[in-house]
Amino acid sequence: MSLFSRKNKKEAQKSMNSMSEENTNTPDQEVTPPQEAELPDAQVEQQDPVARLEAVLSESQDKYLRLVAEFENYKKRVSRDRLEQSKMAGADILLAMLPVMDDFERALKAGQDSVTNEGVQLIYNKLKSALESKGVKPMVTVGTPFDAEIHDAIVQAPAPSEAAKGTVLDEITKGYYLNDKVLRHAQVVVAI
């Protein structure tokens with residue numbers, strides 16, 4: 001029972017006591033006792049405490065279900081983050097190997113004598129296959145539209161045609177992906 005309905009009952013009892021005292025003092029006046037006026041919520045509490053308990057129970061169950069769902073989402077998010085971290089685990093080592101790869105590509109382009117060139121080609125192929133087995137893939141940039149997410153614009157050059165504006169004309173340093181994420185941005189020449 002709420003505090004408010006208790007006060008109403010006490011007030012009603014006081015008024016009845018005062019009325020009964022008046023009745024004893026004046027027997028010729030007929031006084032009807034006032035009816036108790038209760039608030040609607042007090043009546044509901046008195047009439048159906050089971051309904052109130054069921055409402056509290058359903059509210060508690062709703063909170064519990066929301067908490068369980070939130071925890072499940074947290075577990076999924078953590079497992080996704082762990083998987084992502086394991087994919088990018090050796091990124092710093094692989095990133096340190098990319099300048100070596102660049103040097104091998106430059107040596108192959110220079111191509112001094114055939115015996116040295118064959119040895120460099122052999123080492124380059126082994127390094128390339130080792131990096132590819134770890135998920136490192138080179139970017140294709142020349143002729144593609146400039147994308148600031150994967151390209152670093154180092155130089156801007158006049159476009160050879162109107163259609164070539166905003167595209168990559170040349171690649172200064174090759175960019176690489178690691179498991180479909182950018183490992184190193186490509187440094188490019190952009191047509192303006």
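**Group meeting: a pocket, a helix and a loop**

D102, E105, R106, K109, E171, I172, T173 and K174 line the largest pocket. A pocket, on a 1 Å grid over the protein atoms alone, is an open set of points where a 1.4 Å probe fits, with protein on both sides within 12 Å along at least five of seven lines; lining residues have an atom within 4 Å of a point. Two elements give two or more residues to this lining: α4 and β3 (168-173). Helices here are DSSP runs of H or I with at least four residues, strands are runs of E with at least two, and both are numbered from the N terminus. The largest share, four residues, comes from α4.

Some ground rules. This is a predicted model, where local features need pLDDT of at least 70 and side-chain atom pairs count only at pLDDT 80 or more, while totals for chains, interfaces and linings use all residues. Residues are numbered from 1 along each chain as its sequence is written, and side-chain values use heavy atoms, with hydrogens and water left out.

Back to the pocket. About 220 Å³ of space lies in it. That volume is the space filled by probe spheres set on the grid points, which are joined across faces, edges and corners. What is the lining made of: nonpolar, polar or charged residues? Six are charged, one is polar and one is nonpolar. For the classes, Asp, Glu, Lys and Arg count as charged; Ala, Val, Leu, Ile, Met, Phe, Trp, Tyr, Cys and Pro as nonpolar; the others, Gly among them, as polar.

Take D102 from that lining. D102 sits in helix α4. D102 is buried, at a relative accessible area of 8%. Buried means under 20% relative accessible area, exposed over 50%, and partly exposed in between, with a 1.4 Å probe and protein chains only. Leaving out residues up to four places away in sequence, D102 touches T173, Y176 and R184. A contact means heavy atoms within 4.5 Å.

Now the whole chain. There are five helices and six strands. The order from the N terminus is α-α-α-α-α-β-β-β-β-β-β. Of the 192 residues, 19% are buried. Of the contacts with a separation of 6 or more, 62% are between residues 24 or more positions apart.

Next, helix α5, residues 114-133. Its 20 residues should span 28 Å at 1.5 Å a residue, and the end C-alpha atoms are 28 Å apart, which agrees. The expected span is 1.5 Å times one less than the number of residues. Which residues of α5 are buried? They are V120, Y124, L127 and L131. These cover an arc of only 70° around the axis, so they are on the same side of α5. The arc is that of the directions from the helix axis to the C-beta atoms. An α-helix has 3.6 residues a turn, so residues three or four places apart point the same way. The cover over the buried residues of α5 includes α4 (91-110) and β1 (136-138). The face turned away carries the exposed residues S114, V115, E118, K126 and S133. After α5 comes G135, with a positive phi near 100°.

Last, the loop between β4 (176-178) and β5 (181-184). Neither is a glycine, yet phi is positive: about 50° for N179 and about 65° for D180. N179 is partly exposed, at 31% relative accessible area. D180 counts as exposed, at 62%.
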